Amino acid sequence: MLLIRNEKIEMKKIWLMLLIVLLFIAAHQLGLATYLNFDYLKNHLAQLQSYYQENQLRFILYYFLLYVFVTAISFPGATVLSLLAGAVLGVANGVMVVAFASTIGATIAFWSSRFLFREFVDQKFHAQFETINANMKKEGTSYLLTLRLIPLFPFFIVNLLMGLTTMATSTYFYTSFFGMLPGIVVFIYAGKSFSEINSIRGILSLKMLLIFFLIGLLPYISKFFLNRFKNYKLYRKFKRPKKFDYNMMVIGGGAAGLVTSYVASSVKAKVALVEKDKMGGDCLNFGCIPSKALIKTAKVIHLKNKAKELGIKKIEIDFDFKEVMERVKKIITEVEPHDSRERYQELGVNCLTGHATIISPYEVKIGDKIFTTQNITVATGASPFVPPIKGVEKINYLTSDTIWSLNSLPKNFLIIGGGPIGCELAQSFSRLGAHVTIIEAGAHLLSKEDLEVSLLIEKKFKEDGIDIRTNHQAREFVLENGIQVLYCQASDKEIRIEFDSVLIAVGRKARVEGFGLRELGINLRQNGTIETNEFLQTNFPNVFACGDVTGPYQLTHMASHQAWYCAVNGLFGHFKKFKVDYSVVSWCTYTDPEVAVVGMNESILKEKNIEYEITFFKIDELDRAIADSEKEGFVKVLTAKGTDRILGATIVASSASLMILEFVSAMKFKKGLKGILNTIHAYPSLGEANKYVAGAWLKNHSPEKILSLLEKYFNWMRK
């Protein structure tokens, strides 16, 4: 049925295209261009005026239909028809008739373009048009109004291009109507002197050009005053200080807050960084640093299982879990000075300790003191999300924040959540000797990655002895005779799982409560993060947010990336603001092997309907991987169909987090796989895999006809 429906639509498109072409040809053959010529109409002006006096309604009807026809099929002549309306119909009637006729004709052209070309263009250029449509959703009316008031492009091009966007027809109609109205009035008035004008150029006097210029400024002037009025309403209940204590106050001492305050201080702005607890945020104290320290120890312990593979008879490893956790804490202590208050004080940041409360867009209260500031950046991060599983309050569950307080290794360790945090800790605790069970509601671990990534990691986990329970929904925690039990739902079965300790790792929620955001009226998204624009401004233009508290990526390096924009836009935004760049984003899951990704994966490309090609290289073909006995993994690159332009790359390998950097750099600086292939890579190194996957792409795109001719040429040369 769907196929038949698509065939019918395609036939309708063909018939519509044929009709437009035939109408255009017929209009040309019938000499419509001659009749719509400036000189012809000027010479017959008296006759037309006389006919109008005798048959007003009939003339208006014929004129209206002609104007609609001309604009609908993009036939030249609308300008001279507008002048004619002023000369024959008069100002009031002329403006009314031309305004509606031109808008209806433009809308027909808009509809035709949408029906004929939008689906095709969306398939071919989906990524580009997705960005265009996102901008159109926000500023589409302003764009169209500007194009109507200042015709940078001929109107027929505007009609056709706008039809390719997702702009609503009603929005297009009324914006076009009011946008063209000032220009129509100008032409109608000019048409009153039609008989005195020698050519269309005759109306483009300096005075007329100045009028068009001023009309073109209307949307910008309107937008300026609209923003001023909007800000006035927003800020009117707050008293702006005559003098400020700081140029920028930053709330939160994690990666986002540290970088924001550092960038601000580096340009000699006076900046305060407020942190009520430990500096360094979640990454230093609960996330990146402690988890990587634990992963390292677990990997060393795991080497005993690879002794024979490495040519060693036996590796004896003796360890105490408590000492392992003490090492983790020692690593945190060793890194702490990098993020310490003392260091940032030396860098010119005034580090304040205490609970911050935003009491106005210009004031932050800490204890009993109130500080004034020109700008505020909220960088309060996120905290572990604990879902409302029945009975969860009855057990001593762990999160990614509290797990580091463990002093004894759990015998039966239950982990709820098969995302990056759950997977990293599951493998580490398994290698340390715990029996680990992962509960994942979805069909696979690491569900955001491509399927082959999930399958490889699941295979590796099973080899490590991890019990993987996918498609399991946690329902209830209970205590049965002192034993902690989780009941899960799997298909139509109830599953009972006993455990000693449980880690809940199903995601993180933004920290937005308790420091005045709601009271101030800061807008939040449905997912609980702070809503910001492309400049990371909240609905209060001088209040910014970056990092996990706003998203969309909960990554330390993304928090640092966003922080630059908060600092620069906050301090220099009155001169120039910069849109945050999300064009090349990478992330890594530090399992063994590691999973590193940059750009889009297959699921995203399919969702966006972007055509792509896959190039694959298996790590077990790499000399260095063979030498290291680290052969699990692959390099997978997605390129735009028919080109070497990289849309995304996924690497699963022992050092994937390092290997991915070449693809990050290539995508950032618009280099394709040919550029990677032409780069010298050290031998033997894991980085060679990137070059080999580029070579595989070139082999898949070798010019067979040219190679066939070359083969014949060399055969001939040997004779």
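Okay, let's start with a hole. The largest cavity has Lys299, His302, Leu303, Lys306, Lys460, Asp592, Glu630 and Glu632 around it as its lining. Before I go on, please keep in mind that this is a predicted model. So what sort of residues line the largest cavity: nonpolar, polar or charged? The lining splits into 6 charged, 1 polar and 1 nonpolar. As for volume, the largest cavity holds about 60 Å³ of space. And if you count cavities of 30 Å³ or more, you get 1.

Next up, the greasy bits. The largest nonpolar core is made of 43 residues. Which residues have the most contacts inside that core? They are Leu294, Ile403, Phe413, Phe429, Val436, Phe461 and Leu503.

Let's zoom in on Val436 for a moment. Skipping its neighbours within four places in sequence, Val436 is in contact with Phe413, Ile415, Ala426, Phe429, Ser430, Gly465, Ile466 and Asp467. There's also another core, lying apart from the largest one. This other core has 33 residues, and Tyr52, Phe59, Ile73 and Leu89 are among them.

Now, cysteines. Quick reminder: a disulfide is a covalent bond that links the sulfur atoms of two cysteines. How many disulfides do we have here? The count is 0. Take Cys423: its nearest cysteine sulfur belongs to Cys588 and is 13 Å away, and Cys423 is in no disulfide. Is Cys423 buried or exposed? Cys423 counts as buried, because its relative accessibility is 0%. Cys288, on the other hand, counts as partly exposed, because its relative accessibility is 28%.

Last stop, Asn690. You'll find Asn690 in helix α25, which covers residues 688-700. Why does Asn690 count as buried? Because its relative accessible area is 1%, and buried here means under 20%. And what is around Asn690? Leaving out neighbours within four places in sequence, the contacts of Asn690 are Val635, Ile651, Met659, Glu662, Phe663, Ile676 and His681.

That's my tour, so over to you for questions.

Terms used
Residues numbered from 1 in each chain as written. Predicted model: local features only at pLDDT ≥ 70, side-chain atom pairs only at ≥ 80, totals over all residues. Heavy atoms only, no water. 1 Å grid on protein atoms, 1.4 Å probe; cavity = no way out; pocket = protein on both sides within 12 Å on 5 of 7 lines; lining within 4 Å. Points joined across faces, edges and corners; volume = space filled by probe spheres on them. Nonpolar A, V, L, I, M, F, W, Y, C, P; charged D, E, K, R; others polar. Core = buried A, V, L, I, M, F, W, Y, C linked by side-chain atoms within 4.5 Å. Buried < 20%, exposed > 50% of the residue type's maximum accessible area, 1.4 Å probe, protein only. Contact = heavy atoms within 4.5 Å. Disulfide = S-S within 2.5 Å. Helix = DSSP H or I, 4+ residues; strand = E, 2+ residues; numbered from the N terminus.
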